[in-house]
Amino acid sequence: MNEEKNLKEEVKEIDFDEIIAKYDKESAYRRIAGPIGRFIAVLAILFSLFHLYTAFAGVLPAQIQRSVHLTFALVLAYLLYPAKKNMPRNKMHWSDICLAALGAVVGLYISFNYEALIYRAGEQTTLDIIVAWAAVLLVLEATRRVVGLPIVIIASTFLLYAKFGPYMPGFLNHRGYSLSRIASHMYYTTEGILGIPIGVSSTFIFLFILFGSFLDKTGIGRFFIDLANSIAGKAVGGPAKVSVLSSALTGTISGSSVANTVGTGSFTIPLMKSLGYKPEFAGAVEAAASTGGQIMPPIMGAAAFLMVEFIGVPYITIAKAAVIPAILYFTGIWIMVDLEARKTGLKGLEGDKLPKFTKIMVQRGYLLLPIVAIVYFLVNGATPIKAALYGIIISVVAGAVRKETRLNLKSLLEALESGAKSALGVAIACASAGIIVGTVTLTGLGLKLGNGLVSLAGGNLLLTLVFTMITSLILGMGAPTTANYIITSTIAAPAIMKLGVPALAAHMFTFYFGIVADVTPPVALAAFAGSAIAGGNPLKTGVNASKIAIAAFIIPYMFVFNTQILMINTTFSSVIMIIATSLIGMFGIGAAMEGFFFTHVNKIHRVILFISGLLCIYPGAYSDIIGIVIIAASFAFLRVKSKKQVNQLSKNEGESL
């Protein structure tokens with residue numbers, strides 16, 4: 001009883017909203033009461049209703065749909081996010097109201113002048129150019145407030161490159177463009193701000209974020225934690241395994257690594273600490289598992305929906321391709337957690353304190369219906385827009401089964417409001433990334449950088465992949481996953497494809513490393529959020545998270561060299577064999593990283609296990625056989641060694657008595 005009381009008191013002392021706001025810039029918005037607060041809430045609700053209407057009645061012409069989406073995003077961004085960190089978050093500054101109004105004018109300019117702008121395409125008036133530059137500047141400032149300064153610096157650099165091309169060295173040189181041409185290209189075509197990124201944001205992404213918001217209101221987050229507890233709570237290292245399971249499940253409704261870490265970590269991290277896990281390990285487990293939520297089908301991170309448009313394949317193909325990598329990723333974390341628990345002698349939770357699986361499924365299993373329905377609709381050929389719309393409707397209907405999960409009018413409005421606010425970060429990031437993509441299409445920079453990357457790597461695929469990984473990890477220090485993916489997929493993915501890699505594998509590679517940046521020091525935001533809850537050292541937590549998430553650094557290389565892992569041109573028997581050998585490989589790698597299997601493993605043996613694990617994951621029958629034989633022999637040797645140590649210990653204890 002005392003332990004439970006202390007645990008509850010520890011959780012109460014943690015300010016979770018403050019942690020999210022600190023490490024997830026998109027969550028650091030104003031919370032204003034009174035008429036202004038209600039006005040913002042109404043705008044957010046209208047934002048969601050607009051997308052529900054277009055999903056039901058049909059999407060508007062591209063530039064109108066996207067410009068209306070941008071209008072809502074700009075207005076809400078300036079009303080919700082103050083210009084400086086130290087400005088009060090319960091008051092509105094007059095300058096923000098002015099900028100929000102200007103954002104509305106600029107955003108709606110295209111909608112109200114749509115036909116006229118089409119007729120004078122390429123011959124914009126002075127007013128058109130002024131509005132276009134105002135849009136560019138408003139997007140950049142909104143990005144600084146909502147997403148962060150790094151992506152603004154990158155986008156601004158690309159704009160300068162478009163202007164000062166003649167002064168660039170070597171292959172970067174181009175003829176340069178006038179300010180009016182740049183402005184026109186960035187705002188009045190579908191290749192700049194209103195390009196593919198914000199097009200996907202204004203259709204697929206927004207609706208899936210809204211779907212997650214509705215699911216959250218039904219209490220599915222708590223259901224996932226209870227379900228994970230019932231499955232893994234009693235196991236060795238139970239709370240850590242609960243963290244892995246619940247984060248994997250919650251990842252289907254949360255697109256933010258930090259929000260996922262804080263959401264499930266608020267329960268799992270204090271519980272892990274109470275059973276003896278070090279704070280740095282507890283925070284790292286939650287961060288690594290929560291970050292993996294973005295690669296977990298059926299509902300993946302926002303960047304996965306961008307991939308649909310970038311490579312022109314159905315979303316279900318991408319979700320299917322992500323299945324084996326996701327299994328390997330979470331299995332890798334599970335193995336690491338299990339070995340750490342056995343090494344340190346940590347037990348699971350007491351069975352009588354855990355919820356019963358059967359009881360949970362009977363009482364709340366229906367909450368899974370919306371997720372099952374979305375998978376069904378996608379598999380049967382529905383568009384992501386329709387699948388998300390049906391999912392939202394079914395979540396409301398399913399929630400009505402029991403009183404405690406039923407959504408009343410207040411809950412429905414709150415879901416609409418929170419969904420719109422959650423989508424702001426992605427919308428603004430996509431608009432800003434559109435400036436980068438617009439520069440690439442205007443100047444031909446993508447082809448030049450792609451050729452430069454291949455040339456720098458000497459035409460070597462492995463080196464090209466390493467350079468791409470480093471680029472993604474560096475970008476991930478300041479850019480969100482969505483913007484990171486847009487940039488690297490525009491510049492690096494074509495270079496990888498040029499070396500004979502299928503488009504899906506090349507784009508999945510950039511997608512993965514854009515996500516892994518959240519647990520990679522020195523700027524590992526998800527790990528830092530976990531350390532804030534655990535009360536541990538942020539850098540140590542980040543290092544531990546990288547170690548636990550080691551699979552995420554290996555798997556992308558493996559599916560580039562063996563595309564069957566992505567279910568490309570494969571058979572059912574091949575998939576089973578790939579999963580089996582890869583899981584054995586993950587055991588080897590996990591034991592190597594933890595330095596433990598039955599007993600402690602020395603450094604030389606750890607290196608052997610790590611290489612053997614890689615051989616099992618690497619494509620090829622010979623590599624699989626060699627890897628499996630070495631791992632099996634190693635584990636047998638370690639088992640015998642462990643028994644000898646136990647017998648010797650027992651003998652010593654007997655002699656001392």
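## The loop between α28 and α29

Let's start with T563, which lies in the loop between α28 (550-561) and α29 (572-594) of this predicted model. Is T563 buried or exposed? Its relative accessible area is 18%, and the cut-off for buried is under 20%, so T563 counts as buried. Setting aside neighbours within four places in sequence, the contacts of T563 are P502, A505 and I568.

The loop between α28 and α29 also holds M567, a residue other than glycine with a positive phi, near 60°. M567 is partly exposed, because its relative accessibility is 24% and that class runs between 20% and 50%. N569 belongs to the loop between α28 and α29 too. Although N569 is not a glycine, its phi is positive, about 50°. With a relative accessibility of 74%, N569 counts as exposed, since exposed means over 50%.

## The largest nonpolar core

In soluble globular proteins, nonpolar side chains tend to be buried together. Here the largest nonpolar core has 210 residues, and those touching the most other members are Y187, Y329, M508 and F511. Helix α21 (residues 409-443) gives the most to this core: 17 residues.

What does F511 touch, not counting residues up to four places away in sequence? The answer is Q294, I295, M300, G301, A303, A304, M307 and Y485.

## A cavity and its lining

How many cavities of 30 Å³ or more does a search of the whole structure find? There is 1. The largest cavity holds about 40 Å³ of space. Its lining is made up of T291, G292, I295, Y329, I515, V516, V519 and A552.

By residue class, the lining of the largest cavity has 6 nonpolar residues, 2 polar and no charged.

## A cis peptide bond

If you are checking backbone geometry, have a look at P297 and P298. The peptide bond from P297 to P298 is cis, and its omega is near 10°. P298 sits in the loop between α14 (279-291) and α15 (302-311).

## D338 in helix α17

Helix α17 (residues 323-344) contains D338. This residue has a relative accessible area of 14%, and buried means under 20%, so D338 is buried. Not counting residues up to four places away in sequence, D338 touches V236 and K241.

For a sense of distance, take D338 and I611, which are 273 residues apart along the chain. Their C-alpha atoms are separated by 21 Å.

## The span of helix α3

After α3 comes G58, with a positive phi near 120°.

Note on methods
Residues are numbered from 1 along each chain as its sequence is written. This is a predicted model: local features need pLDDT of at least 70, side-chain atom pairs count only at pLDDT 80 or more; totals for chains, interfaces and linings use all residues. Side-chain values use heavy atoms; hydrogens and water are left out. A nonpolar core is a set of buried Ala, Val, Leu, Ile, Met, Phe, Trp, Tyr and Cys residues joined through side-chain atoms within 4.5 Å. Buried means under 20% relative accessible area, exposed over 50%, partly exposed in between (1.4 Å probe, protein chains only). Helices (H or I, at least four residues) and strands (E, at least two) are DSSP runs, numbered from the N terminus. Contact means heavy atoms within 4.5 Å. On a 1 Å grid over the protein atoms alone, a cavity is a set of points where a 1.4 Å probe fits but cannot get out, and a pocket is an open set with protein on both sides within 12 Å along at least five of seven lines; lining residues have an atom within 4 Å of a point. Grid points are joined across faces, edges and corners, and a volume is the space filled by probe spheres set on the points. Ala, Val, Leu, Ile, Met, Phe, Trp, Tyr, Cys and Pro count as nonpolar, Asp, Glu, Lys and Arg as charged, and the others, Gly among them, as polar.
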